[in-house]
Amino acid sequence: MVSMSIVTVQLGQCGNQIGFEVFNTLLNDSHSPQGLCCKRENELYQVSCKERFFSEEENGVPIARAVLVDMEPKVINQTLSKAAQSGRWKYGQHSYFCQKQGSGNNWAYGYSVHGPKHEESVMNLVQKEVEKCDSLSGFFIIMSMAGGTGSGLGAFVTQSLQDQYSNSLRMNQIIWPYGTGEVIVQNYNSILTLSHLYRSSDALLVHENDAAHKICAKLMNIKQISFSDINQVLAHQLGSVFQPTYSTEGSFHYRRNPLGDLMESLVPHPEFKMLGVRNIPQMSESSLAYSTFTWTGLLKHLRQMLISNAKMEEGIDWQVQPHFSGHPTLGKMSLNKELHFNTSIANLVILRGKDVHSADLGGFKDPALYTSWLDPVNAFSVWKTQRAFCKYEKSAALVSNSQFLVKPLDMIVGKAWSMFASKAYIHQYTKFGVEEEDFLDSFTLLEQVIASYCNL
């Protein structure tokens, strides 16, 4: 059974730096001596990881199935050489495209100028990667939401992939900007990115910079937090989702098409395609030495993180509890009332490590966690493997399609709208062909997304 392959497209500074950390995490994990499983099982795991994310080179060094795109050469050059220096893997020598001049944080420039101008070159690189796959599952597109190249060009490239590979899945991993952002127009860039991806992508896997920053500070005890630290947290979360797991309960075959299975489990309706990832445990090497974990404890924390919308296991609000069915609820919540209980459409729990078959997942099958129009049987899935991930003897990841983004999304739309109402900076967009009409379309679409998630 051959694993279906995923082609990763790394866009802009953010996408390229995170892409590097993702491939590095995948490979380091698949060669980790602490796999805690038998040799044969470890080999199958390695093979499955490689088929999915790497193509083999003649001299045995795996090459990432990736296309790197940026409008400035610096980050791409650094990324290519860091990968080559790892000695474990590298990028293909002709798998990147860069220019001399960036998009200057202007979404319209990335989308309307760089996009059409370089579409052919970028899509040729993609086609070369696709041709190397025995069987293509789809594309994993890593980009920031608030900048120029990653977000504007990223939205354009995602549309091109939709046009040229309409049968393949597209999942965009997007980095949500810090609440106190460094770019004055980041809210404009964000609403344009999100509204375009909502039309051209199958799922948006969202990582919030603020949440990753907190994990570095509180759980990893890092004093001076760098982008590299944050990107390693994101890469760990992605690895814990995309590394191999068994296809069914009791089977020891690894699932062939994780991207397809993920979409099928988590995106039952095109109106709802925002996914978030939570992991437990996450800690520094020094704390890990003194910690022991039980599945019961991990899953109890993970469930409460889900329903109270906590991004990490520290500072969870244990007061938040589901309404018991049969009790009258207080009507549908409105946005200005605090969002306490985080209702889900669908959840996927991924368990890795020792005694994984003894874990009891009953708490995630509770109908009170889900919207009324989906049966919990269809709304909840679990993937498992006895192979441990990275340095954790037992670890769990939760990918969730829930209301977790309603507040941050409403905030970004609100800030963008108040700037738009006073016509601030609009000329920077209209001069590159993004009209006021395009902004209005974006606001309309995202208001609808917010309303849909609110009404779960």
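# Notebook: charges, cover and cysteines

A note on the source. The model is predicted, so I keep local features to pLDDT of at least 70 and side-chain atom pairs to pLDDT 80 or more, while totals for chains, interfaces and linings use all residues. Residues are numbered from 1 along each chain as its sequence is written, and side-chain values use heavy atoms, with hydrogens and water left out.

**Salt bridges**

I then looked for the partner of R255. Its side chain meets that of D261 in a salt bridge, at 2.9 Å from N to O. I count a salt bridge when a side-chain nitrogen of Lys or Arg is within 4 Å of a carboxyl oxygen of Asp or Glu. D261 is partly exposed, with a relative accessible area of 22%. I also found a network: K354, E393 and K394 are joined by salt bridges that share partners.

How many salt bridges does the structure hold? I get 11. In general, side chains of opposite charge can pair when their charged atoms come close.

I checked D29 next. D29 forms a salt bridge with R387, and the closest N and O atoms are 3.3 Å apart. This pair links distant parts of the chain, 358 residues apart. D29 sits in helix α1 (residues 12–30), and R387 sits in the loop between β12 (380–385) and β13 (394–402). My helices (H or I, at least four residues) and strands (E, at least two) are DSSP runs, numbered from the N terminus. Both D29 and R387 are buried.

R170 and D202 form another salt bridge, at 3.6 Å from N to O. R170 lies in strand β8 (residues 169–176) and D202 in the loop between α6 (186–200) and β9 (203–208), so this pair ties together parts 32 residues apart in sequence. R170 is buried at 5% relative accessible area, whereas D202 is partly exposed at 25%.

**Helix α5**

I looked at how far α5 reaches. Helix α5 (residues 149–164) has 16 residues and spans 21 Å from first C-alpha to last, close to the expected 22 Å. The expected span is 1.5 Å times one less than the number of residues. Of its 16 residues, 12 are buried. Among them are T149, L153, F156 and L161.

**Strand β1**

Is β1 (residues 5–11) mostly covered or uncovered? It is mostly covered, with seven of its seven residues buried. S5, V7, V9 and L11 are on one side, and I6, T8 and Q10 are on the other. In a regular strand the side chains alternate between the two faces of the sheet.

I then traced the neighbours. Two strands pair if DSSP finds at least two bridges between them. β1 runs parallel to β7 (residues 136–144), with six bridges. It also runs parallel to β4 (residues 66–70), with four bridges. T8 has F140 as its bridge partner in β7, and T8 stands opposite A66 in β4.

**Cysteines**

I searched the whole structure for disulfides and found zero. A disulfide here is a pair of cysteine sulfur atoms within 2.5 Å. For C14, the nearest cysteine sulfur is that of C216, 14 Å away. C14 is partly exposed, at 21% relative accessibility.

C37 is partly exposed at 22%.

Definitions and conventions. Buried means under 20% relative accessible area, exposed over 50%, partly exposed in between (1.4 Å probe, protein chains only).
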